[in-house]
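Here's a quick briefing to read alongside the model. Have the viewer open and follow along topic by topic.

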Protein chains: 2
Amino acid sequence: MADKIFRVNMTDLSTSIEDVPADWAGHGGRGLTSTIVAAEVPPTCHPLGPNNKLIFAPGLLSGTTASNSGRISCGSKSPLTGTIKESNSGGTSAQRLARMGCKALIIEGQPQDDNWYSLSLTSDGITISKEEELVGQGNFAVVEAVERRFTDKIGILSIGQTGEMQMSAANISVKDPDSHLRSLGRGGLGAVMGSKKIKFIALDAGDHKVDIADPDAFKAANKTFTKALVDHPVSQALGTYGTNVLVNIINEAGGLPTRNFTAGQFDGHEQISGETMHDLIVERGGKPKHGCHQGCVIQCSQIYNDLKGNYKTSGIEYESIWAMGADCTVDDLDQIAEMDHILDDIGIDTIETAVAFGVAMEGGVLDFGDSKEMIRIMTDEIAKGTPLGRIIGNGAANVGKTYGVTRVPVVKNQAIPAYDPRAIKGIGITYATSTQGADHTMGYTIATEILGVGGSADPLSKEGQVELSRNLQIATAAIDSTGMCLFIAFAALDNGACLPALVDMLNARFGISLTAADVTNLGMSILKTEHAFNQAAGFTNLDDRLPEFFATESIPPHDAIWDFSGEEIDAFWNF
Amino acid sequence: MADKIFRVNMTDLSTSIEDVPADWAGHGGRGLTSTIVAAEVPPTCHPLGPNNKLIFAPGLLSGTTASNSGRISCGSKSPLTGTIKESNSGGTSAQRLARMGCKALIIEGQPQDDNWYSLSLTSDGITISKEEELVGQGNFAVVEAVERRFTDKIGILSIGQTGEMQMSAANISVKDPDSHLRSLGRGGLGAVMGSKKIKFIALDAGDHKVDIADPDAFKAANKTFTKALVDHPVSQALGTYGTNVLVNIINEAGGLPTRNFTAGQFDGHEQISGETMHDLIVERGGKPKHGCHQGCVIQCSQIYNDLKGNYKTSGIEYESIWAMGADCTVDDLDQIAEMDHILDDIGIDTIETAVAFGVAMEGGVLDFGDSKEMIRIMTDEIAKGTPLGRIIGNGAANVGKTYGVTRVPVVKNQAIPAYDPRAIKGIGITYATSTQGADHTMGYTIATEILGVGGSADPLSKEGQVELSRNLQIATAAIDSTGMCLFIAFAALDNGACLPALVDMLNARFGISLTAADVTNLGMSILKTEHAFNQAAGFTNLDDRLPEFFATESIPPHDAIWDFSGEEIDAFWNF
């Protein structure tokens, strides 16, 4: 069965199943969402208006048995940044879409009335239904109710209350294999789904399977690929401690942004570290090692139980723990887990929201370290859309603007995540030049600067950082198109067998003959497509800058400042 | 006595009196503030940080006996728009600054502590004092107290509570001859003054007078100039009805934006019209005709008393009445006057704030027409800096963003004023291309499109509108440099004796020999200086656009849409 484009028009509630245009055939995941956004979304449209579109696409290898290939991409024009946006996530949706033969789901238009809707997709087509019962509900209740209505075999994409209220930090939740939640986290894609008045999307692939052109070659390549993944020491550390292994490492490097980016080390780092978390999880009968999608061999996710041994949250990332922890000076993992649970339930990006809290703390709205007040604001204000809730739910830049705070760590209005660009300079180039606002995952220079993967780079020196970020951003754009988790990058950078095996799998899946150079070219062309969209939306190289305070305030312990010139940053685009 | 530059550094609390650089000598008012901002403010700096500057400059003719020459300009990088900004106002400050020999006051830096300060200027220099008593007070209390401390002969520039809280719609108040308030209204300059921690500036010129190189020539030219002003029918209408004469006229034209820009005519227009207001004022013993500064011969200001005959507000403009009235569907002048009084007292732009209320009404925060709730929000929320108060006090775009509203009438984040650009197209070109965000005063095409001054143009046709706006924007930049009120433009456009007399006054004041062409060149060069600043701050021609909804939603009664292409708009800059 040939893959198809599934299209939904929410203005007239029509649907269609279309052949894949030739131009789009070689694309998947991020490459496909960005290609479609660039082709069909007017760059200057209002992100929450009828002319924006919301696009979901599984990666090229999603739905196959390839290890770690279960990422789904979601693309749109971001209401947070105004740029093109792709966010990707694990969970069960990519595999369901791929198996039902959906190469991309395009949602366009906007209802003319006040009704809410849901979508249900099978290989036969799309059903649009009015939705009343679940409007106003959190994601956990939605998943439970939707599974009851359909079957627990389905994939579910949903928004919480914040997405309904179109807050620009709202995310889209993706059901994981345990009916818990992963998130298409950054850039406010949940607000776009809310603007289309879609509460959830149910994905039923039935017994369909993905076609493989050369099953034997595929299997052999996957074996090599999988071995490369599981052999890498970073994969192993991730499986043991989760991404939160980084708290102690980044603190040691002096790049753990603390107290709204006024220091690079946090006194309470031990209390929130991956090591501490691992022990707590084991002690309480949780799972320190857990996959966010079927076929993951790294298993950086975990299940975190509360003091009584009951489920509290899962898949809690280093960046979330840092943001609610060091950035807000909260040193209590249970409080952080509670907040993570709430934010997942109401459907809002943990990084953006917690950095927004840090700015609000600096603006005097609440005290640093006051996790009880954070929890109260999350449940009583953000979830209910009070004025304060909306201020914070619209992100860090919005808080800074509303309270006249000048130390606001954002690029293109998106909160800077868990690595201070003064003390770890390469990641600052990624923040500045990313087509999507500040986002560590766009070109994860930490791998090389801090973890020594793929060579080494002095995090306190500017040397080689632009090239490092460029190479990683190009590779990432390609990886994000395959459906692969970004964490294959560690093996790919260090093990010569890994990338060729990935290319072999692509060739075996589709019966084509890509080379490694084709993959690099794909990454470059995706970045250029995204960059061109942003330029047509009004962005210039002057938007590729970090906030002023990084250049004027040094950060302890290294007393480092951000010292790249505009010209040095702009050299990023020389390819 | 040669004019000097007065400079205050709020970081180290130092002051200096400097000679005027040769490059600045020919500039005054807006030309000077924009020249200084362009020379000394880094275009990408944070508007509320230490690198922004706040500059006050009287016009070239301010302080003389020239009719209508009492406008003061204030320039900075705007916290609302991010562009260069000049706002100008009547009142008594321009004349005081000019008479004490202050060509410009430059305020730079930012205190390192939490103290508030005041400045006191005389021809001898600047005194910086700590201020405690008046912090948290409204502008009326400040003016009263400062006059008590000094003398009622002084000029006063002050901020209210919203400026202290750095809300980006906050303005700077300027004492008028009756110790009432005029405003440097747009672009959030009050927030910049608040960021420098200056509550007020007292200006004592003593008995100093401005030097005139050729007093006889000056007197003769002023006589011709004054006659041209008082003879013009628009001047006479302004003296009778104030600017509010426009409610009925613009309503008739179908360009009175109503109910957050969803219609071009307001059912309640008669109740809020200039004619109705005139009769009410006379009936209650107010003053229908009043000058905002000494020497004004048009006198479009007025004193509006309440039902009991007590002073309520003064100088209430058409644009304010429209914004609180038609845009929010409030049809009660007393309620509008009450709101005008409150907004003056707390020191916030009436246009920006009322348009923000219109967007909030669309977002469901309060009902259209609910002026009681508007007043409650102004006094209980905005004045006190509650979350909702800050959301609204940061302007229409901020409200739209916070509540996910897509019909948000702003350009470069500044609220579009009282003329719908679909039904009156020339003004739309001004909104789009102005260097300062949407601002009717930058190139007041209404004169020609609606009032038939300086020729005529069909407001529903695109023909000639770009050229009209360009010519008026150039002329306005020059007029804004002289200290002249913009309302001299009506006479200047229709009476051939007016502009030459103005040039003669400039020549007689300084002993120079400008021509009319020099004045036009001055206007062009100011626009180019401002445009270059904005480009260096990251703005592109894509920022010179009206919001999407103007092109997609037609407005009754003409069912007009905004139909200029980007290319047509960009032709504005061909000079």
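The domain bounds used here come from an automatic or database domain assignment. Keep in mind that this is a predicted model. On that assignment, chain A splits into domain 1 (4-203), domain 2 (214-240 + 421-575) and domain 3 (242-418), and the C-alpha centres of domain 1 and domain 2 of chain A sit 25 Å apart.

**Where domain 1 meets domain 2**

- Domain 1 of chain A puts 36 residues into this contact, and domain 2 of chain A puts in 30 residues.
- On the domain 1 side, helix 1 and strand 5 (84-89) of chain A are the elements that give two or more residues.
- Helix 1 of chain A provides the largest share of that side, with seven residues.
- Sorted by type, the domain 1 side has nine nonpolar, 22 polar and five charged residues.

**Helix 1 against helix 21**

- In chain A, helix 1 (residues 29-40) packs with helix 21 (residues 516-536) at an angle of about 35°, and their axes are 10 Å apart.
- The crossing of these two helices of chain A is left-handed.
- From helix 1 of chain A, the residues involved are A:R30, A:G31, A:S34, A:T35, A:V37 and A:A38. Facing them in helix 21 of chain A are A:L522, A:I526, A:T529, A:E530, A:A532 and A:F533.
- That helix pair's contact residues come to six nonpolar, four polar and two charged.

**Chain A overall**

- You'll find 23 helices and 17 strands in chain A.
- Its C-alpha atoms fill a box of roughly 60 × 50 × 50 Å along the principal axes.
- Of the 575 residues in chain A, 63% are buried.
- If you take contacts in chain A between residues at least 6 apart in sequence, 72% of them join residues at least 24 apart.

**How chains A and B pair up**

- Chain A goes onto chain B with a rotation of 180° and 0.0 Å of shift along the axis (RMSD 0.0 Å). That's the relation of a two-fold axis.
- The contact between the chains uses 26 residues from chain A and 26 residues from chain B.
- On the chain A side, helix 14 (387-393) and helix 15 (396-403) each supply at least two residues.
- The chain A side of this contact includes nine nonpolar, twelve polar and five charged residues.
- The copies meet through the same surface, because 100% of the interface residues of chain A are also interface residues in chain B.

Conventions:
Residues are numbered from 1 along each chain as its sequence is written. Chains are lettered from A and ligands numbered from 1 in the order in which they are written. This is a predicted model: local features need pLDDT of at least 70, side-chain atom pairs count only at pLDDT 80 or more; totals for chains, interfaces and linings use all residues. Two residues are in contact if their C-beta atoms, placed from the backbone, lie within 7 Å. Helices (H or I, at least four residues) and strands (E, at least two) are DSSP runs, numbered from the N terminus. Ala, Val, Leu, Ile, Met, Phe, Trp, Tyr, Cys and Pro count as nonpolar, Asp, Glu, Lys and Arg as charged, and the others, Gly among them, as polar. Axes are lines fitted to C-alpha atoms, for helices over the stretch in contact, and angles run from 0 to 180 degrees between N-to-C directions. A crossing is left-handed if the near helix is turned anticlockwise from the far one by less than a right angle, and right-handed if clockwise. Copies are superposed by least squares on the C-alpha atoms of residues with pLDDT of at least 70 in both. A residue is buried if 20 or more other C-beta atoms lie within 10 Å of its own, exposed if 12 or fewer, and partly exposed in between; C-beta atoms are placed from the backbone.
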